[in-house]
Structures are given as C-alpha cells and as structure tokens.
Amino acid sequence: MVIMKIRLDFFCRVVNFLCVYALALLACASIAAVQAQQIEINTIPVVEGIYMLEGRGGNIGVSVGEDGVFMIDDQYAPMSDAIRAAIAKLSDQPIRFLINTHWHGDHTGGNEVFGKLGAVIVAHDNVRERLLRGGKIEAFDMVTEPAPKAALPVVTFADAVTFHMNGDTLKVEHISAAHTDGDAVIYFTDANVVHMGDLYFNGFYPFIDASSGGAVAGVIAGAAEVLGRIDDKTRIIPGHGPLSNKAELQRYHAMLSEVYQRVKTLKDKGQSRQQVVAAKPTADFDAQWGGGFLQPDIWVGIVYDAI
Ligand SMILES: [Zn+2]
C-alpha cells in the first residue's frame with residue numbers, strides 16, 4: 001500500500017521540522033512515542049508453525065520449524081528491527097528464505113536488511129528486474145530508486161518454485177499480469193494456508209498497478225485460480241487486511257468481476273476515464289468496499305486504467 005509510505009514519509013518530515021524549529025521538546029517526545037507505537041508488530045497465529053505479522057505495509061507470512069524460518073514479504077525498511085524481534089519470539093533459527101510476492105516497497109522495503117542477515121531472497125524474474133532498475137507507480141506519481149545489491153532477489157523463477165521445509169511443501173507460483181507483472185502466490189500445501197500477496201485486499205478495493213504490468217482481468221483470474229484450489233478450511237493471508245477464508249475471497253472475487261464488467265462496458269462504449277468515474281459504477285459496492293485506502297472515485301480510475 002503505497003499511500004501508507006507517502007504518509008509515513010510526510011509524517012517523518014513533519015516530525016523533523018517540529019524537532020528542529022519548534023523547540024517543542026515535549027511535543028517531540030510524544031511524537032516519538034507515537035512513532036514507536038506505529039512500528040509495533042502484531043503476531044497472529046494462523047496454524048501451528050505459521051504466523052501472519054501485521055505492522056505497516058503488506059502482511060508478512062512466517063513459517064517456523066526445525067529447518068529454520070521461511071518468510072514472505074518484509075514491509076518497509078524502518079520496520080525491520082521490529083519484524084526481526086517479532087520473529088525472534090517465534091524461533092531462534094535463522095531466516096533462511098525470504099519470498100517477495102511482488103516488487104512494491106511496502107512488501108520489499110526490508111530486503112536489504114534481511115539479505116545482509118543472510119536470508120536468500122526469492123522472487124519472480126520481473127520483481128528482480130523492477131527492483132534493479134527502479135520504477136514509477138503512475139497512479140500515485142511515486143518513483144522508486146534502483147535497489148542496492150543486497151536488496152535484490154538472488155534466486156528468481158519464471159513460473160514456479162517449490163520449497164520443502166518445516167514438514168511442509170511450499171509451492172510458490174506466479175500469477176501473470178494481475179496486481180503487477182511479478183506476482184507470486186504461496187501455497188502451504190500440508191498446512192492448508194495460502195499467502196496471496198496483493199492479489200487480495202481483504203475487505204476493501206484493491207490497488208492494481210497498471211504501470212507495473214498489472215491488469216484487473218489478471219487479478220480476477222488469479223483469485224479464481226486460488227478459489228479453485230482451496231477449501232472451506234483454508235486460511236488465507238491477504239496482502240492487506242485481516243486473515244481470511246474462502247467465503248470472503250469469493251465475495252471479493254464476485255465484487256471485482258461485477259465492477260470489471262461495468263467499467264469495461266462503459267469503456268468499450270468509448271466513454272472517457274472522467275465520464276466513467278462520474279457515472280459512479282461502484283455506487284452500490286462503496287459502503288462495503290470503499291472504506292479502505294482507495295476512495296471509490298480513485299479506484300474506478302485505477303480499474304479504468306487497468307482494463
Ligand atoms: Zn502492492
């Protein structure tokens with residue numbers, strides 16, 4: 001979720017300004033306390049040996065066991081110490097592998113720290129390319145500088161890679177052209193847990209990054225593929241939002257499919273982005289899905305761009 005980062009950066013600048021120019025030591029102390037609070041990590045047990053970590057940025061998945069720690073995504077760089085501390089409470093083993101579900105900074109910001117600690121970073125081929133070259137998320141006019149070497153994935157894959165760790169078989173599979181062009185979904189096949197990355201925003205309108213090769217149809221197809229492979233007992237770790245299940249993913253898939261059809265119909269008729277946004281094609285969904293970080297009007301524009 002890139003807006004979080006923008007807000008965090010802005011907040012830090014405000015804090016600096018206050019501390020340097022406003023002489024308000026007391027205010028700075030209380031702001032520092034707020035900042036400390038902000039990087040608290042919430043550890044949620046998913047099943048035995050698998051956890052979801054919430055902090056700032058995308059949800060982290062962690063598998064612990066006799067073979068070491070397997071980690072999925074790593075939020076922002078300033079979160080790294082808090083994330084390390086939270087994982088250390090779950091296991092005294094090293095972090096052996098770190099998967100990036102896609103290249104966005106709220107999922108890869110800790111790569112440099114964890115890479116230097118010795119974690120082998122694994123991602124789809126396009127994630128490495130985008131981190132290596134840097135990129136721009138057009139929807140938010142947000143530029144990301146090329147990543148340092150230690151932050152780059154050292155193992156990449158085109159379609160899939162399988163890990164055999166902690167008594168489970170972990171299938172990491174690419175979903176083409178969905179949230180971005182480098183998305184991965186991770187199936188813990190024995191534990192019946194799935195980490196979907198930003199293919200799934202649980203409970204609110206998802207960001208789809210057309211400027212990074214994403215497409216609405218790909219998100220819908222990706223969600224449908226996951227739905228076809230899970231059952232009512234599957235636990236789903238979404239990229240953002242609370243721990244989830246098949247019934248909730250079905251509702252998300254149905255909402256996305258309907259909105260896609262409505263916006264596509266208008267776009268196919270030749271309506272401009274502005275006209276489609278003004279038509280408010282998501283009005284009946286907004287109360288339930290529009291309370292996240294993307295306001296309905298902004299989201300309809302993102303869908304329009306990603307068709
Ligand atoms: Zn993302």
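Tutor: Let's start with burial: a residue is buried if 20 or more other C-beta atoms lie within 10 Å of its own, exposed if 12 or fewer, and partly exposed in between, with C-beta atoms placed from the backbone. Helices (H or I, at least four residues) and strands (E, at least two) are DSSP runs, numbered from the N terminus. This is a predicted model, where local features need pLDDT of at least 70 and side-chain atom pairs count only at pLDDT 80 or more, while totals for chains, interfaces and linings use all residues. Residue numbers run from 1 along each chain as its sequence is written.

Now take α7. Its buried residues are Val 216, Gly 218, Val 219, Ile 220, Gly 222, Ala 223 and Val 226. The cover over them includes β11 (168-175), β12 (183-188), β13 (193-195), α8 and α11. As for length, the 14 residues of α7 should span 20 Å at 1.5 Å a residue, and its end C-alpha atoms agree, being 20 Å apart. The expected span here is 1.5 Å times one less than the number of residues.

Its partner α8 has 23 residues and reaches 32 Å from first C-alpha to last, close to the 33 Å expected. Buried in α8 are Leu 249, Tyr 252, Leu 256, Val 259 and Val 263. Among what covers them are α7, β14 (235-237), α9 (273-278), α10 (283-289) and α11 (296-305). After α8 comes Gly 270, with a positive phi near 100 degrees.

How do the two meet? Helix α7 (residues 216-229) and helix α8 (residues 246-268) pack at about 150 degrees, axes 10 Å apart. Axes are lines fitted to C-alpha atoms, for helices over the stretch in contact, and angles run from 0 to 180 degrees between N-to-C directions.

On the α7 side, the contact includes Val 216, Ile 220 and Leu 227; on the α8 side, Lys 246, His 253 and Tyr 260 are among the residues involved. Contact means C-beta atoms, placed from the backbone, within 7 Å. By class, the contact has 12 nonpolar, three polar and one charged residues. Ala, Val, Leu, Ile, Met, Phe, Trp, Tyr, Cys and Pro count as nonpolar, Asp, Glu, Lys and Arg as charged, and the others, Gly among them, as polar.

Methods:
Contact = placed C-beta atoms within 7 Å.
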